[in-house]
Amino acid sequence: MSVQIAPFSSAIATYLADKSYSSVFVITDTNTKKYCYPLVRDLLPKHVHFTIKSGEENKTLATCELIWEAMTNANLDRHALVINLGGGVVGDMGGFCAATYKRGIDFIQVPTTLLAQVDASVGGKLGIDFHGFKNHIGVFTLPQSVLIDADFLKTLPERELRSGFAEVVKHCLIQDANKWSEIKVKDLADQNLADLIAHSVEIKKKVVAADPTEKGLRKILNFGHTLGHAIETFFLDQGKNRLLHGEAIAAGMVAESYIAFAKNMISEKTLSDIEEFIFSVYGNVSISEADFDSIIKLTLQDKKNKGTEVRASVLNGLGSCAYDVVITKADMKKALKYYS
Ligand code: NAD
Ligand code: ZN
């Protein structure tokens, strides 16, 4: 999988130089249509532009139908190119539509959120939410290329930037203790984002290359996501103030670090460093003890599980992560106490 971290103008010119696509189809959402499309429109060859509604709630089969319909109306054949210009929602869903349209046509990811640049766009996981289950329907198909330009982030709301930063923190904690030492002493505003994007992409690429379809090692990328996804879904189901993905994952990383500490896999100092840093960047979420069971129940839906056993990716020292670690209801209850 080719990932280019470069100004979009040169990256797209290089990408298209040796290709002869029959047509080009650009997908944006309502925000990237406004903020990102004007920056790229004139750099692209003649194309059809299609816009979907922004937001996770639109990452559905119904939106896919609209995309497939627009592709059909634009007469895309198997030699067409789809360009997904947007965050993880556009990338996951536009990629899924391209990977399944006429059994698959070329697509490239042009991620415009920090989360999509450091995580979602790299690795070929595509899909949609279904009946309340996140990313329930999907495929593994690698894009032809990922073109990352940090300039797109200039218009991204600060809360979205913070959310994406959680995946950067995750990559440091599971793979690079030195980088963790560098970032943990700085506020988000003082971080070197360009350097961190390149760092995260390297880690994600390496892990995905070793295990493209998540049979083993790739599971380490799910650190923080067992309880994090459950917390994210719980807040969504309750109609409470929605947590962004990275905010929920940040909470999940603290809780799962507690589990690692309880299993003697990290020291108390490591746990308190992680807790202090994450709470300073994200604040603390508040969860009533009465809701612990509902959240724990949601972890049973996790795609990493086998049967009814919950299997998580748990830090095993700083910069290292174990996967397929069985965690019990009691482990999770103790960890969730952080938030009550
Ligand atoms: P998103 O795509 O919803 O983008 C967040 C918000 O920012 C949206 O409102 C969007 O319209 C807006 N936006 C995007 N770029 C902008 C820009 N440059 N300026 C102004 N506004 C902009 O969400 P996300 O956080 O990028 O991604 C979350 C999604 O990614 C989830 O659906 C998640 O499941 C998925 N994901 C996938 C993978 C994977 O491996 N495929 C990994 C992590 C997350
Ligand atoms: Zn994530």
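This is a predicted model: local features need pLDDT of at least 70, side-chain atom pairs count only at pLDDT 80 or more; totals for chains, interfaces and linings use all residues.
In which loop is the place of Asn75? Asn75 sits in the loop that runs between α4 (61-73) and β4 (81-86). Most residues other than glycine have a negative phi. Asn75 has a positive phi of about 60°, although it is not a glycine. With a relative accessible area of 63%, Asn75 is exposed.

A second residue has a backbone angle of this kind. Asp324 is not a glycine either, and its phi is positive, at about 60°. Asp324 belongs to a strand, β10, which covers residues 321-327, whereas Asn75 belongs to a loop. The relative accessibility of Asp324 is 27%, so this residue counts as partly exposed.

From these local features we turn to the division of the chain. The protein falls into domain 1, residues 2-155, and domain 2, residues 158-339. The contact between them draws on 19 residues of domain 1 and 28 residues of domain 2. Taken over C-alpha atoms, the centres of the two domains are 27 Å apart.

The area buried between domain 1 and domain 2 is about 2,000 Å², and carbon and sulfur atoms account for 69% of it. On the side of domain 1, Leu114, Val118 and Lys134 together supply 29% of the area that this domain buries against domain 2, more than any other three residues.

The interface also has a polar part. Between domain 1 and domain 2 there are 4 residue pairs in polar contact, counting pairs with both residues at pLDDT 80 or more. Three elements of domain 1, namely β1 (2-5), α6 (114-120) and β7 (133-140), each give at least two residues to the side that touches domain 2. Of the elements on that side, α6 has the largest share, with 5 residues. By residue type, the side of domain 1 that touches domain 2 consists of 11 nonpolar, 4 polar and 4 charged residues.

Salt bridges cross this interface as well: 4 are found between domain 1 and domain 2. Elsewhere in the list of ion pairs, Lys125 forms a salt bridge with Glu214, and their closest N and O atoms are 2.6 Å apart.

Where is Asn222 found? Asn222 lies in the loop between α9 (193-210) and α10 (225-237). Is Asn222 buried or exposed? Its relative accessible area is 11%, so Asn222 is buried. Thr51 is 171 residues from Asn222 in sequence, and the two are separated by 30 Å in space, C-alpha to C-alpha.

How many salt bridges does the structure hold? The count is 22. Several of them can be followed residue by residue. One joins the side chains of Lys19 and Asp18, with 3.0 Å from N to O. Asp18 is exposed, at a relative accessible area of 64%, whereas Lys19 is partly exposed, at 30%.

Another salt bridge is formed by Glu182 and Lys179, with 3.5 Å from N to O. Both residues are in helix α8 (residues 177-183), where they are 3 residues apart, about one turn of the helix. Lys179 has a relative accessible area of 10% and is therefore buried. Glu182, with a relative accessible area of 40%, is partly exposed.

Glu309 and Arg311 make a further salt bridge, in which the closest N and O atoms are 3.3 Å apart. Arg311 is buried, with a relative accessible area of 19%; the limit for this class is under 20%. Glu309 counts as partly exposed, at 35% relative accessibility.

Finally, salt bridges can join into a network. Asp119, Glu167, Lys170 and Lys204 are linked in this way.

Technical notes:
Residues are numbered from 1 along each chain as its sequence is written. Chains are lettered from A and ligands numbered from 1 in the order in which they are written. Side-chain values use heavy atoms; hydrogens and water are left out. Domain bounds come from an automatic or database domain assignment. Contact means heavy atoms within 4.5 Å. Buried area is the accessible area (1.4 Å probe) that two parts lose on being put together, summed over both. A polar contact is a pair of N or O atoms within 3.5 Å; within protein, one must be able to donate a hydrogen and the other to accept it, and residues adjacent in sequence count only if both atoms are side-chain atoms. Helices (H or I, at least four residues) and strands (E, at least two) are DSSP runs, numbered from the N terminus. Ala, Val, Leu, Ile, Met, Phe, Trp, Tyr, Cys and Pro count as nonpolar, Asp, Glu, Lys and Arg as charged, and the others, Gly among them, as polar. Buried means under 20% relative accessible area, exposed over 50%, partly exposed in between (1.4 Å probe, protein chains only).
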